[in-house]
Amino acid sequence: MLVKLLQEEEGEGKRGMATGEPVGLSEAKLLRETEGGLRKLGLQQAAEVVADHAGEAARRKASHPAFLHGLLAAELEQRERGFFQRHLRLARFPAPKTLADFDFGYQPSIDEGQIRELAGLSFLDRKENVVFIGPPGVGKTHLAVAIGMESLSRGRTVLFVTAQELVASLRLAHRTNLLAGKLRSYTRPDLLIVDELGFLPMDDVDVANLFRLVSERYERGVMIVTSNVGYSQWGQLFGDQILASALLDRLLHHSITVNINGFSYRLKDRLADLTEG
Ligand code: ADP
Ligand code: MG
């Protein structure tokens, strides 16, 4: 295989790209070889644009580092776009939401700076969980999804699941002896969004399953949790089960809480009608 590759290289020009100075090659041929080499290295987008970039660089008398930088940026951008498109469906967001379509003016209890900081994703590197707490309709799911989309666009894998689905699927997996595999599917993504942790009926087994999930992600992968109920009521979520406090301990040890107190955005137009009328 190696011999064949070298022969191919040989056929293209007297001296292969790797063998030294490409003396005597015309610019067009140099570009063709460079393009071929980039393709062999799997840098498809760079191969696609290298000729244009080279022409543009010559016209603008750009420096060599500037040319290389531009070429790499084109490749990286295309890869991030490709990653986003391939992983968007896998993330299972209920509907695409972005920070750009979030109206901060409507929700003054939200610290916009804090949300923009979260969208910068340093919490992912610090392995901090994020908990959005607030009444229905204030934008908890919207913000969680927007941060999830931002994570995807920067090459992080994301999975969105409602707390209800999560508990039900772990329960089923446990019953059918498939728990380990199911847990892996929830621990693998860089970011797991658990939406609407509320008053679900949970028995000992459910709490034990959740505990395993949270433990396996602890200090390794990040979770965003949204909830309609404040921490003071979280004890009730899990009943008086012994594992509950250990679970909360791990979930909240490194975590950021975003409390939202405000009117439901779903009532926005109706509230406006009422105040106008
Ligand atoms: P929650 O999860 O807190 O119950 P959602 O995030 O589901 O609320 O918000 C309900 C609906 O209102 C969604 O369609 C969401 O996109 C929209 N929404 C909520 N808050 C805002 C906001 N401040 N700006 C724009 N849209 C919002
Ligand atoms: Mg919601």
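A residue is near a molecule if its C-beta atom, placed from the backbone, lies within 6 Å of it. By that rule, 17 residues surround ligand 1. The closest are Gly 139, Lys 140, Thr 141, His 142 and Tyr 265. Helix α7 gives the largest share of this shell, 3 residues. By class, the shell has 5 nonpolar, 7 polar and 5 charged residues. Here Ala, Val, Leu, Ile, Met, Phe, Trp, Tyr, Cys and Pro count as nonpolar, Asp, Glu, Lys and Arg as charged, and the others, Gly among them, as polar.

This is a predicted model: local features need pLDDT of at least 70, side-chain atom pairs count only at pLDDT 80 or more, and totals for chains, interfaces and linings use all residues. Residues are numbered from 1 along each chain as its sequence is written, while chains are lettered from A and ligands numbered from 1 in the order in which they are written.

The protein chain has 13 helices and 5 strands. These are DSSP runs numbered from the N terminus (helices: H or I, at least four residues; strands: E, at least two). Of its 277 residues, 24% count as buried. Buried means that 20 or more other C-beta atoms, placed from the backbone, lie within 10 Å of the residue's own.

Now look inside. A nonpolar core is a set of buried Ala, Val, Leu, Ile, Met, Phe, Trp, Tyr and Cys residues joined through C-beta atoms within 7 Å. The largest one has 43 residues, and Ile 193 and Ile 224 have the most contacts inside it. Helix α7 gives the most to this core, with 7 residues. Two residues are in contact if their C-beta atoms, placed from the backbone, lie within 7 Å. Leaving out residues up to four places away in sequence, Ile 193 touches Ala 144, Gly 148, Val 158, Phe 160 and Ile 224.

Next, follow helix α4, residues 64–91. Its 28 residues reach 39 Å from first C-alpha to last, close to the 40 Å expected at 1.5 Å a residue. The expected span is 1.5 Å times one less than the number of residues. Yet α4 has a kink of about 25°, centred on Gln 85. That bend is the angle between axes fitted to the seven residues ending there and the seven starting there. Leu 71, Glu 75 and Ala 91 are the buried residues of α4. Their cover includes α3 (44–60), α7 (140–153) and β2 (158–162). Just after α4, Arg 92 takes a positive phi of about 55°.

Helix α2 is followed by Gly 42, whose phi is also positive, near 85°.

Definitions and conventions:
Buried ≥ 20, exposed ≤ 12 C-beta atoms within 10 Å, placed from the backbone.
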